[in-house]
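Hi,

Here is the structure I promised to pass on. Have a look at it first, and then read my notes below.

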Amino acid sequence: MLTYIVFLPLVGAAVCMFVPKQLVRGVALLTTVATFLLTLGLIGPFVGAGSADAAGLFDIFGSKYGEKMHFVQRADWIVGDNFTIEYFVGLDGLNMPLVVLTSFVSLLACLASWNFDSWKVNKGAKGYFALFLLLETGMLGTFVALDFFLFYIFWEIMLLPMYFLIGVWGGPRKEYAAIKFFLFTLAGSVLMLVGLVAMYFYSAEAVLQNPALATSYRPDVGVLTTGTFDLIELASNQAIQTYFNAENTYFLAEGIKFAPLMFMFLLIGFAVKLPSFPVHTWLPDAHVEAPTPISMILAGVLLKMGGYGFLRLCYPIFPSGGHAWAYFLAVIGVISILYGALCAMAQTDFKKLVAYSSVSHMGYVLLGVAVMTEAGVQGAMFQMIAHGISSPMCFFLVGVIYDRAHHREINRFGGLWLTMPKYGTMATIGFFASLGLPGMCGFIGELWVLLGVFAARETFDWAVPMAILAAAGVILTAGYILWLIQRVYLGPEKQEYAGYPEANGREMLILVPFAALCVLFGILPKQMLFDYTNGTLNLIVKTMATAPAKFGAMAGM
Amino acid sequence: MHSLLADLELSWYPTLTELGWFAPELALVGTIVVILVAPLILGRSALRSARIAFVGALVTLLLACNLVGQVSTGGLSGLAPEAAAGMLILDKLTILVKVIIMLFLAGVTALWVLGSSAKEEFGEEFFVLMLGSALGMSLMTSTLNLLMIAVAIEAASLPSYSIVAFDKRNRKSAEAALKYVVFGGISAAIMLYGISLIYGMYHTLNVVAIGEGLARDLAAGTNTVLIGMSLFCVLGGIMFKIAAVPFHFWCPDVFEGAKIEVTTWLSVASKAAALVLLLRLVDAFGNGALAAGESILTYNGLAWGIGILAVISCTWGNFAAYRQNNVKRLLAFSSIAHAGYMMMLGAVFTLPGSSTSGKPMAALLLYLIMYAIMNLGAFTVAAIVSWQTKSEDVSAFSGLGRRAPWLAVPMVCCLASLVGLPPFGGFIAKYWLLLALGSKSAETTLGTLYWFLIIMAVVNTLISLFFYFRIIRAMFLSDDQQPEFRPPFFGTAMANLCAVLLVLFGVVMLNGPKDLAYRYASDLYMPARYLTKQVDSSDAALVATEPTPEVGVATAGGAR
């Protein structure tokens, strides 16, 4: 099932190359609709997961991280002389919502591309939709891959399509934006490649040193005797965990501890995608230059890969690394929140403002996972999904007005609500959701993260001041969003924009589902998301808490 | 009372079987003769000599494949008396490298037919020289004797000088050839000097025996300065062929000045042969150390030296490429960088007989296969574009995505593969290279060096992104409204074939090339004396515990 979902868009992409030009967007839409419907089927096994059984266990998630994966498919892919790289995909509460989100945003982004012919750069529709679908395959694959090598391949497969989508169909500074995006992402992922190689050899060493503990989570394997790329194995095998997180496992030279360094290698790659300060600078450029649907994908899905990577790779495999870097990461998270918000406030370009608001919002994700409490991690997850809904909506709102006005200067707008009342209403919902108004999706995520940070005050004495600073970010967010709404949508109607047509049926078709979800997630957070994810997230937190060694930070932090 | 006849019997003759082992080389020589003789009978025709060369390359390839069955554990040494064992050798490795070189030769010949056959008058001479250098390269891969190494390098170099200067009306070409000759001559002289020093110390030219002596001396701490100097001289000669920094100065000028077919040829074949030779030397030194009963760590300094030069090569190559506007120069620096990646493997010593013995060599072979494919594809597109636009600048590519999409798309695949991005073959090759480096990190104290090399290799991937993407950017992101054109069918087909192979080897058929490389990199030739040594060496335990079937064949007699 997962395999079909992942590769269906690839098939669509191939079909796109061979059908006449007029049919291409139809094929793309059909593919994304089919993919979305298929991913809805993935929710099935998770329904009812919120109610614990008599023993207080959430049976659907198992009692240990990685014990219960759904829709698992595995096959030997590359067989070496003493290792196997597998094609291994599976779902748990961590990636299921993200897979559904991906296909959902892709579908709406495909709809948003429907007016491709009226774009400024409208050559090569075949290429555009084929790359779009290839990108979707890459995104879905990254979320479902449970073998590190497979994960890395999918992670990198996303790069080339994205480069071309921004670089060919983007705005005036597209070349700069595209190569900057590529460079930053690759910079992160090459270090991940070092991690990929190092983790294999260190896991081989681990099971060699301590065969007594090396019982695999897979009954058919029994005791593990070789190194592995299996992400679940790496996180759950006691021998590997003990060796990876030991005080005296060194990398590169005596004294450089393995876990914190590897944690950092992986984290840099994910922090670039997230993006967190100080590696966020590619994001505003990429967003401003990218065409609207690509901005939607970028904000709605690609940024989530960072948060997903933290929770799938960094923390379960190197919990002691998480302890070592907790303060550092929390600081980076808070800086992202505040700095992103302040930058957003200073922008005059509509799209750049939304881009910086993403930096600010994703700061909560980093902060939430950094404190390693249940509420923090749950909040981070919720924030990812909430942002995955509200942010593409905001980008599409910008796109709608840009299609009409052909500029994005905030200060030149005004009174749009009067001109386009339906659009104005949608815009208000979207931006309020982004603001974090209670009752909207953005609120729950931020609140949960803050609660999680407070909850960590026993472990970390810096938790309370950090939470207070992060809470100040909420005020800044309210500031720039309210100011934005005031400048663009409120005020007297301007002559310049008087004749603008109301949002048409296609545009409403995109906006209404987003708006509905914004509200639904805001008022039914448990039924919409927490029930499906918390089981897995709590298990991950439990894994972190039982880290074999919790040593202090490197470099005295 | 010795009769003349008895004397003759005492002296050594090659047997027919032994000659059969070197049928590929003989076939190359035969092809050269045919190309030279054909014009005398049939009149001059450039195209005909290209055809003969093409057929000759394929025949050589088939003959090489035909030898696979005859090679046993430890390889064979032929065409030399027992005392000079290792002068010319035949093992699986030489066969595969010859196959790669011959396939590449066929590809380059096809490229030449596409681009130059119409206007070239001296086809015969050109192909005699091409095949001559191919002969030298295949000899380079099949020897463990210092003298033969020197001869083979010269045999590969001298024709190369001439084919670089082949376009004699082109000033740049002449200048490049002169630079190449001067540089090559000096390197050869230095190399011979190093060889004479080594011969003076150990009274042998056999590399394994030398490795034995070196290990003893290094362990005892005697003669270290002399050893360091002589090794530098000898390896310098090889690195000249690899074009590793600091022996690379000829490379950009030669690549720019030579015809693009020649550039293609030199960028892969001569480097491939030299890199295989380098790794074989390192391997032989490692065997020698074990034979002398010393630890492989006596060669610590050599590993660091090769590793550091490799890192400098790829870093320098990648940074210098960024400033180039000429595509051929750009790809020249790219080839310096790739040589650097591959040279990193030279820092990994292999313990003979252990399952990992094939690893660095296997990674090198895999890399060479992928590198040959992606370079052939990239150069084919570059050649077609330069013939079409009469310009070799990056700007000639602008708008190619619109003007000739069937050239631009395979070019993207080849360039992304050169960067080392999945899902292309270049990534798989680089990944196996990293694994080979990492595989020894836990066993020896050289671990720091190996992890350092791994980190530098991936950092260089990032640096290289810049300049490869300048071409991609020109092709798709900028457009100067030049007219569309129809590329020649066969050239397009070749480029697309390369791209398809890269995707296939990068995603679907990952195991095929890798298994091939592993199978052919094992059981390297070792003189019989050293084959028995390894079993009772201190590493016998390691040999015995490694659970692979391939090793089983190699060591079954002694270890189990």
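Let me start with a helix pair in chain A: the axes of helix α5 (residues 148-157) of chain A and helix α7 (residues 174-209) of chain A come within 11 Å and cross at roughly 165 degrees. That angle makes α5(A) roughly antiparallel to α7(A), and their crossing is left-handed.

Before going on, some housekeeping. This is a predicted model, in which local features need pLDDT of at least 70 and side-chain atom pairs count only at pLDDT 80 or more, while totals for chains, interfaces and linings use all residues. Residues are numbered from 1 along each chain as its sequence is written, with chains lettered from A and ligands numbered from 1 in the order in which they are written.

Helices (H or I, at least four residues) and strands (E, at least two) are DSSP runs, numbered from the N terminus. Axes are lines fitted to C-alpha atoms, for helices over the stretch in contact, and angles run from 0 to 180 degrees between N-to-C directions. Angles under 35 degrees count as roughly parallel, over 145 as roughly antiparallel, 65 to 115 as roughly perpendicular and the rest as oblique. A crossing is left-handed if the near helix is turned anticlockwise from the far one by less than a right angle, and right-handed if clockwise.

Back to that pair. On the α5(A) side the contact uses A:Phe148, A:Phe149, A:Tyr152, A:Trp155 and A:Glu156, which meet A:Ser189, A:Met192, A:Leu193, A:Leu196 and A:Met199 of α7(A) (two residues are in contact if their C-beta atoms, placed from the backbone, lie within 7 Å). Sorted by class, that is eight nonpolar residues, one polar and one charged. Here Ala, Val, Leu, Ile, Met, Phe, Trp, Tyr, Cys and Pro count as nonpolar, Asp, Glu, Lys and Arg as charged, and the others, Gly among them, as polar.

How many residues does each chain put into the contact between the chains? Chain B gives 27 residues and chain A gives 29 residues. On chain B, α18 (425-439), α19 (447-477) and α21 (511-521) each supply at least two residues of the side that touches chain A. The largest share, 13 residues, comes from α19(B). That side of chain B divides into 19 nonpolar, seven polar and one charged.

Chain A has 21 helices and two strands. Its radius of gyration is 23 Å, close to the 24 Å that the globule rule gives for 557 residues, so chain A is as compact as a globular protein of that length (the radius is taken over C-alpha atoms, and the rule is 2.2 Å times the number of residues to the power 0.38). The C-alpha trace of chain A spans about 80 × 55 × 50 Å along its principal axes. In chain A, 63% of the 557 residues count as buried; a residue is buried if 20 or more other C-beta atoms lie within 10 Å of its own, exposed if 12 or fewer, and partly exposed in between, with C-beta atoms placed from the backbone.

Chain B comes to 24 helices and two strands, and buried residues make up 62% of its 560 residues.

Inside chain B, helix α9 (residues 207-220) and helix α12 (residues 260-291) pack at about 55 degrees with their axes 7 Å apart, and are therefore oblique to each other. α9(B) passes α12(B) in a right-handed crossing.

B:Met342 lies in helix α14 (residues 327-344) of chain B and counts as buried, with 28 C-beta neighbours inside 10 Å. A:Ala346, in helix α13 (residues 319-346) of chain A, is exposed, with 10 other C-beta atoms within 10 Å.

Cheers
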